[in-house]
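Open the model in your viewer and keep the selection panel at hand. The stops below go from a pair of helices to the ligand.

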Amino acid sequence: MDLELTGKRALVTGSSSGLGEAIAKALAAEGADVVVHGRDRARTEAVAQAIQEAGGSARVAIGDLATDEGADAVAETALAGGPIDILVNNAGAYPHRGWKDATPADWSRTYEVNVVSAVRMILRVVPRMHERAWGRVIQIGGGLAVQPGADLPHYNATLAARHNLTVSLARQLKGTGITANTVAPGAILVDSVQRFLTDLAPARGWGETWELIERNAIEELVPNDVGRMGRPEEIAAAVLYLSGPHAGYVTGTTLRVDGGTVRGVH
Ligand SMILES: NC(=O)c1ccc[n+]([C@@H]2O[C@H](COP(=O)([O-])OP(=O)(O)OC[C@H]3O[C@@H](n4cnc5c(N)ncnc54)[C@H](OP(=O)(O)O)[C@@H]3O)[C@@H](O)[C@H]2O)c1
């Protein structure tokens with residue numbers, strides 16, 4: 001199936017690692033011209049280089065999206081070659097804190113990094129989408145938005161805000177040819193998550209090998225019907241679908257990619 005992404009211009013925020021890296025590579029493999037973004041220049045350039053070596057088209061934008069100046073710099077680079085057709089708001093962080101140690105400053109900072117960062121890019125990139133009367137705005141949300149646990153309350157709330165602002169944006173974009181949707185991953189195996197679980201394993205008695213740790217961590221923390229963590233490429237596949245013309249009648253929705261972690265009809 002041709003996803004009809006050849007020649008589309010895409011900006012994937014936070015694509016210097018993890019889910020964003022997989023999304024940027026997948027879009028480029030489908031023929032999109034991708035702007036790879038991060039704060040860490042070396043890692044961001046390495047992802048762009050890997051895309052180019054695989055025959056794809058990529059350029060680099062560097063900036064801290066928790067600041068207006070950083071967002072300005074990223075938008076300037078991204079829009080230099082014309083309007084962006086596909087904006088994927090993926091950049092974010094999930095500092096491991098709970099109710100007892102997440103301070104009000106942590107709550108504010110996490111909102112700034114995870115929510116206002118996306119708003120900054122929407123305000124800068126979406127107006128130019130109107131020039132082509134076509135566009136895709138995709139937020140990476142998460143199952144914890146609708147099924148939070150006791151941990152990471154400051155982070156869970158930012159995921160809920162991402163889901164919520166997506167629906168509002170879809171209403172605002174009524175009749176423009178531009179859609180807004182959320183992809184909501186469950187627990188996805190990226191380097192930082194693997195390190196976190198491996199560090200936690202001895203105290204929890206999850207075992208010595210990664211295979212055992214993953215199986216036990218899943219059962220204890222995020223039980224799901226598939227019985228494993230997701231892979232970044234599985235999130236990228238959902239983003240590919242929503243990015244193309246085949247998803248033209250899909251807006252304001254949340255596409256869960258979580259192995260059935262979230263229970264109920266959300
Ligand atoms: N992994 C999961 O299980 C999971 C599940 C649900 C949702 N998510 C969401 O998916 C997104 C990506 O997470 P990940 O697991 O792939 O984590 P990751 O590997 O740590 O990637 C985070 C990315 O965000 C960028 N970033 C962080 N703070 C930033 C800031 N202030 N300004 C600009 N860029 C910033 C990082 O760039 P630099 O490193 O270059 O600074 C990096 O590219 C996050 O929004 C997260 O909430 C992840």
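Select helix α6 (residues 191–204) and helix α7 (residues 210–221): they pack at an angle of about 85 degrees, with axes 10 Å apart. Axes are lines fitted to C-alpha atoms, for helices over the stretch in contact, and angles run from 0 to 180 degrees between N-to-C directions. Helices (H or I, at least four residues) and strands (E, at least two) are DSSP runs, numbered from the N terminus. α6 and α7 are therefore roughly perpendicular to each other (65 to 115 degrees).

Show side chains next. On α6 the contact (heavy atoms within 4.5 Å) uses Q194, L197, T198, A201 and R204, and on α7 it uses W210, I213, A217, E220 and L221. These contact residues comprise six nonpolar, two polar and two charged; Ala, Val, Leu, Ile, Met, Phe, Trp, Tyr, Cys and Pro count as nonpolar, Asp, Glu, Lys and Arg as charged, and the others, Gly among them, as polar.

This is a predicted model: local features need pLDDT of at least 70, side-chain atom pairs count only at pLDDT 80 or more, and totals for chains, interfaces and linings use all residues. Residues are numbered from 1 along each chain as its sequence is written, and side-chain values use heavy atoms, without hydrogens and water.

At N90, a backbone N or O atom is 2.7 Å from an oxygen atom of the ligand.

Conventions
Angles under 35 degrees count as roughly parallel, over 145 as roughly antiparallel, 65 to 115 as roughly perpendicular and the rest as oblique. A polar contact is a pair of N or O atoms within 3.5 Å; within protein, one must be able to donate a hydrogen and the other to accept it, and residues adjacent in sequence count only if both atoms are side-chain atoms.
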